[in-house]
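Visitor: Can you walk me through this model? I'll ask as we go.

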Amino acid sequence: MYDDLFGEQSTNIIAHSPILEPDDKSLPGLSFEITNTPKTTTEVCSLGRRIADIFYIFEQIKKCIHEGGFGCTFMDMEFVREIRFGLRSQFQFTCKMCKINIKIESEKKVPETYLPVNLAAISGSISIGIGYSQLEEILASTDIPCMSSSTFLSGQEEIGDKIHCIAQEAMRLAGEEERRLAIDANELDIPRWYTHVHSCS
């Protein structure tokens, strides 16, 4: 999802002024000034702040292995572009020496011990009762690019399903606990027409 926020820009602008010879017969009596504008290039640029698992980034940098015997390290890597999946980012680098390409992730795609950053942001929004527009404003004020509205909605549905399942499980456990307490206290009130119904599951 993630997404409509792929930000890669690369623009080459070459500007040259027309060259006029001083002896041009079409404009007699005029002097000429010739200006050559140097070539300018707008490099791929990634702006703003990001939410990242900083120790995971350090771990990826340590595992970056360069082949070819040039003695190059991550210090010789050149940033190429960023691909964003909502609030999660993938940074692509190329080594200027051995030309190896590596990708650095801002966090694991499926973290083991915490929610992915997109679901965490959506879950927090649900908890405090705000929607996509308010989340977008909060992230904009901190200079963090926001996820797309479609990513927010799909994550909202996923979290909603999980909340529903958790609520159902909590109700089942509460019912079992209430039944156990009633049996222990011998407070069962079973009508004569009561029959046991087996679950279909």
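**Helix H4 and onward**

Guide: Ser 154 lies in helix H4, which covers residues 149-184; helices are DSSP runs of H or I with at least four residues, strands are E runs of at least two, and both are numbered from the N terminus. The model is predicted, so local features need pLDDT of at least 70 and side-chain atom pairs count only at pLDDT 80 or more, while totals for chains, interfaces and linings use all residues. Residues are numbered from 1 along each chain as its sequence is written, and side-chain values use heavy atoms, with hydrogens and water left out.

Visitor: Is Ser 154 buried, exposed or partly exposed?

Guide: Ser 154 is partly exposed, because its relative accessible area is 42%. Buried means under 20%, exposed over 50%, and partly exposed in between, with a 1.4 Å probe and protein chains only.

Visitor: What's the order of elements from the N terminus?

Guide: β-β-α-β-β-β-α-α-α. That is 4 helices and 5 strands.

Visitor: What share of the residues is buried?

Guide: Buried residues are 23% of the 201 in the protein. As for contacts (heavy atoms within 4.5 Å), of those with a separation of 6 or more, 57% join residues 24 or more positions apart.

Visitor: Switching to cysteines. How many disulfides are there?

Guide: The structure holds 0 disulfides, a disulfide being a pair of cysteine sulfur atoms within 2.5 Å. Cys 72 is in none, and the nearest cysteine sulfur to its own, that of Cys 98, is 3.6 Å away.

Visitor: What is the relative accessible area of Cys 95?

Guide: It is 0%, so Cys 95 is buried. Cys 72 also counts as buried, at 10%.

Visitor: How many cavities of 30 Å³ or more turn up?

Guide: The whole-structure search finds 1. A cavity is a set of points on a 1 Å grid over the protein atoms alone where a 1.4 Å probe fits but cannot get out, and lining residues have an atom within 4 Å of a point. The largest cavity has a volume of about 40 Å³; points are joined across faces, edges and corners, and volume is the space filled by probe spheres set on them.

Visitor: Which residues line the largest cavity?

Guide: Arg 50, Ile 51, Arg 84, Gly 86, Leu 87, Ser 89, Ile 144 and Pro 145.

How values were computed
1 Å grid on protein atoms, 1.4 Å probe; cavity = no way out; pocket = protein on both sides within 12 Å on 5 of 7 lines; lining within 4 Å.
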